[in-house]
Structure formats: structure tokens, C-alpha cells
Amino acid sequence: MKPTTNVAETHAPDGAHFRLIEHDGDYYLYMNDRQVMSTKMTYSERMLADIGCDFSGPRKEARILVGGLGLGFSLRRALELTGPDSRCEVAELLPEVARWNRELLKGYNDDILNDPRTVVTIDDVFHCIRKAANGDIPPYDAILLDVDDGPSSLLQPQNSQLYQGEGLSLLKQALAPNGRIAFWAVEKDPRLFRSLKKAKFWVEEYPVAKHERAKRKEHAIYLAVRR
């Protein structure tokens with residue numbers, strides 16, 4: 001039986017315990033005792049970028065904000081979908097997670113982290129959103145948010161501001177015209193759908209499976225478009 005190795009661990013500012021686990025060549029990211037991401041099940045993370053970056057027309061210098069680096073699969077897909085002049089900024093709260101991706105994943109993400117279009121910012125994604133909303137930096141064409149299991153299942157309590165009235169207003173202001181936000185949720189979340197509608201976004205819900213061959217679509221991605 002192949003061993004399971006605790007590769008690294010850290011604590012978030014709120015005390016949550018994060019661990020990077022390796023087993024049989026695959027890596028798993030845990031928060032406390034809950035697996036939140038792995039290199040084995042990546043379909044819904046890639047779909048987040050597929051939906052969020054599906055622009056109706058060409059965007060020569062697309063600006064993408066990815067909320068949470070995780071194990072890099074949404075970033076990888078966003079880079080694949082956008083042009084050579086795009087900019088993909090990743091806001092990662094934990095510097096250790098960024099370091100793990102660079103140093104401990106045995107080359108999994110060297111190419112995307114060394115891509116000149118990639119900018120990794122060690123910060124709360126909400127701060128990046130606020131700066132764009134205030135005009136301190138240019139607006140984003142797409143924002144990909146996988147920082148929680150959805151507003152009904154927060155991984156970090158402070159992320160509740162992303163799903164409330166003021167936060168949704170800032171998100172809208174942080175977008176370029178016809179800009180898109182894709183929210184990942186562990187399950188369907190009618191409350192999020194209603195909140196986005198109330199904030200005057202065009203909204204669509206996409207049921208998403210854990211992997212390509214799964215019959216059950218237990219996760220959901222919510223697309224909100226600024227009109």
C-alpha cells in the first residue's frame with residue numbers, strides 16, 4: 001500500500017489548519033479535516049474558467065482575476081483560454097499556498113507560475129476587487145471566485161462580504177462593461193442566484209460534476225454578467 005505523506009501545513013489568520021498531502025503522485029489540499037481540492041479531481045475548477053472566460057467577443061488584452069490559487073487549475077485554464085496579451089492576476093490569501101505551488105508540487109505548476117501573463121498577489125481577493133471598483137487599477141474582464149464552498153458554506157468567515165449587497169456592488173464596479181463573474185459553489189445555492197439578480201446582474205446557474213464522467217452534477221457555478 002502506497003504511503004500518504006503530510007508534505008506541508010500552515011494556519012490561516014482565523015486559525016484554520018491547511019495541509020498539503022501527497023499520495024501516489026497526487027496532491028490534496030485540506031482545510032482542517034476537509035479536503036477542498038486535489039490534483040486528481042480538477043473538472044469543476046477548470047469549468048469555472050471555461051464559464052467565466054467565455055467572452056461573447058474577442059478581448060485582446062483581457063484582465064482576469066482569480067480568487068484563490070488553490071492547486072492552480074482555474075489559473076491554468078484561464079491562461080489557455082486568453083490571448084498572449086492577457087493578464088491573469090491570482091489573489092491568494094496564504095503565502096504558504098503560493099510557495100507550495102512553486103516548490104512542493106514536483107513541477108505541476110512551474111509553467112503557469114512562470115508565465116509572464118501570471119501575477120500572484122498575496123492578498124485577500126476582496127482588496128483587489130475594491131481597488132478595481134475604486135478606479136485605482138483597471139477593471140477586470142472576468143473574475144473567477146473559488147474561495148468558499150459558496151455563501152452558505154464559507155471557508156473563511158470574512159468572505160461573507162463577497163456575497164452581500166455592498167460586496168456585490170463593488171464586484172459590479174470592478175468589472176469592465178459586459179464583464180463576467182463566475183462563483184464556484186459546492187451545491188446549488190438559490191440564495192446566491194437571487195442576490196445576484198437583485199444586484200442587477202444577468203445570471204445563469206450551471207450544474208457541474210466532480211469529473212467529466214460523473215452522472216451526478218452536485219456542484220454549481222453561478223455566472224453573473226454586468227449589463
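## Aromatic pairs

Searching the whole structure turns up two aromatic pairs. Keep in mind that this is a predicted model. A pair of aromatic rings is described by the distance of the centres and the angle of the planes, and you'll see both values below.

## Y27 and Y108

Let's start with Y27 and Y108. Their ring centres are 5.8 Å apart and the planes meet at 90°, so this pair is edge-to-face; the cut-off for that label is an angle over 60 degrees.

The two partners come from distant parts of the chain, 81 residues apart. Y27 belongs to strand 3 (residues 26–31), while Y108 lies in the loop between helix 3 (95–103) and helix 4 (110–113). Is Y27 buried or exposed? Y27 is buried, having a relative accessible area of 2%. Y108 is partly exposed, with a value of 30%.

## F193 and Y222

Next up are F193 and Y222, an edge-to-face pair with 6.5 Å from centre to centre and 65° between the planes. Here too, distant parts of the chain are linked: F193 sits in helix 7 (residues 190–198) and Y222 in strand 11 (residues 219–225), 29 residues apart.

How accessible are these two? F193 has 26% relative accessibility and counts as partly exposed. Y222 comes in at 0%, so it counts as buried, given that buried means under 20%.

## Charges over rings

Which ring does the charged end of R19 sit over? That would be the ring of Y30, with the charged end 5.0 Å from the ring's centre. Over at W202, the charged end of R227 sits over the ring, 5.6 Å from its centre.

Key
Residues numbered from 1 in each chain as written. Predicted model: local features only at pLDDT ≥ 70, side-chain atom pairs only at ≥ 80, totals over all residues. Heavy atoms only, no water. Phe/Tyr/Trp six-rings, centres within 6.5 Å; stacked < 30°, edge-to-face > 60°. Helix = DSSP H or I, 4+ residues; strand = E, 2+ residues; numbered from the N terminus. Buried < 20%, exposed > 50% of the residue type's maximum accessible area, 1.4 Å probe, protein only. Lys NZ or Arg CZ within 6 Å of the ring centre and 35° of its normal.
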